[in-house]
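Please keep the sequence and the structure in view while reading.

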Amino acid sequence: MKLVRLLTGTANRVSDRAGCSSATPLVAPLHIAPPKPRRSAVAAGVCGLPGFTVPGVRLETVQVSDAGWSCGMATDEGEKAAYATFSVSQDPAVIEGIRKSQGFNGHGFDATHTLSDCAGKATYFAMEPGLRYTESLATGAPAPSDLFNAFTKEARAKFGCPTP
C-alpha cells in the first residue's frame, strides 16, 4: 500500500505541474484486492461476457474494482502465448484524464480506445493486444479492430450502453 500511496501522490504532483490536475486530487484506495488467478476461458463467453468468443483462447483473468473492469485472456501459459487485455472504466478521474490527454479526439484515441455514453455515464473501452496476438492465434484470427468491436458489443450490454 505504501507504493500505491507513493504513486498516487506522484501522479497528483505531475498533473499539477503539467497544469492538468483535477479539482479534487486522486486519493489512494484504502485496500487493493489481490489479483484473481487465471481460470479456464468459457468458449461461449470469454471474460464472462456472454456471446464474446475468441478463437484459441484458453485462459482468462477478470478483475473488477471501483475504478473499472478488466480481462486478460491468453491462448496458453508462457512467453509464447498470444494475449490481449480488455478494460472498461467509468471512474470520473480516469475519464477526466482521458479527455485531457493528447490525441483524444472526442470519441477516443483510435479504433481500440473509445469513449461512449452508457446509461448517462461516460465509459471508456480499451483493448491492448499482446505482441504475439496475431502470430500465435490460429490462421484467420480476427483483426484487432474486429476483436475490439466484438468485445465492445458484449461489454456495452454489461455496462448499460445503448446499442449503436
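How far apart are the sulfur atoms of Cys118 and Cys161? They lie 1.7 Å apart and form a disulfide, a term that here denotes a pair of cysteine sulfur atoms within 2.5 Å. Cys118 belongs to strand 6 (residues 113-118) and Cys161 to the segment after helix 4, so the pair ties together parts that are 43 residues apart in sequence. Helices (H or I, at least four residues) and strands (E, at least two) are DSSP runs, numbered from the N terminus.

The model is predicted: local features need pLDDT of at least 70, side-chain atom pairs count only at pLDDT 80 or more, and totals for chains, interfaces and linings use all residues. Residues are numbered from 1 along each chain as its sequence is written, and side-chain values use heavy atoms, with hydrogens and water left out.

The torsion about the S-S bond of Cys118 and Cys161 is about 85°, so this disulfide is right-handed. Both Cys118 and Cys161 are buried, that is, under 20% relative accessible area, whereas exposed means over 50% and partly exposed in between (1.4 Å probe, protein chains only).

## The disulfide of Cys47 and Cys71

The whole structure contains 2 disulfides. Cys47 is joined to Cys71, with an S to S distance of 2.0 Å. This link is left-handed, with -75° about the S-S bond. Cys47 is buried at 2% relative accessibility, and Cys71 is buried at 0%.

## Helix 4

Helix 4 comprises residues 144-158. Its buried residues include Leu147, Phe148 and Phe151. Just after helix 4, Gly160 has a positive phi of about 75°.

Note on methods. The expected span of a helix is 1.5 Å times one less than its number of residues.
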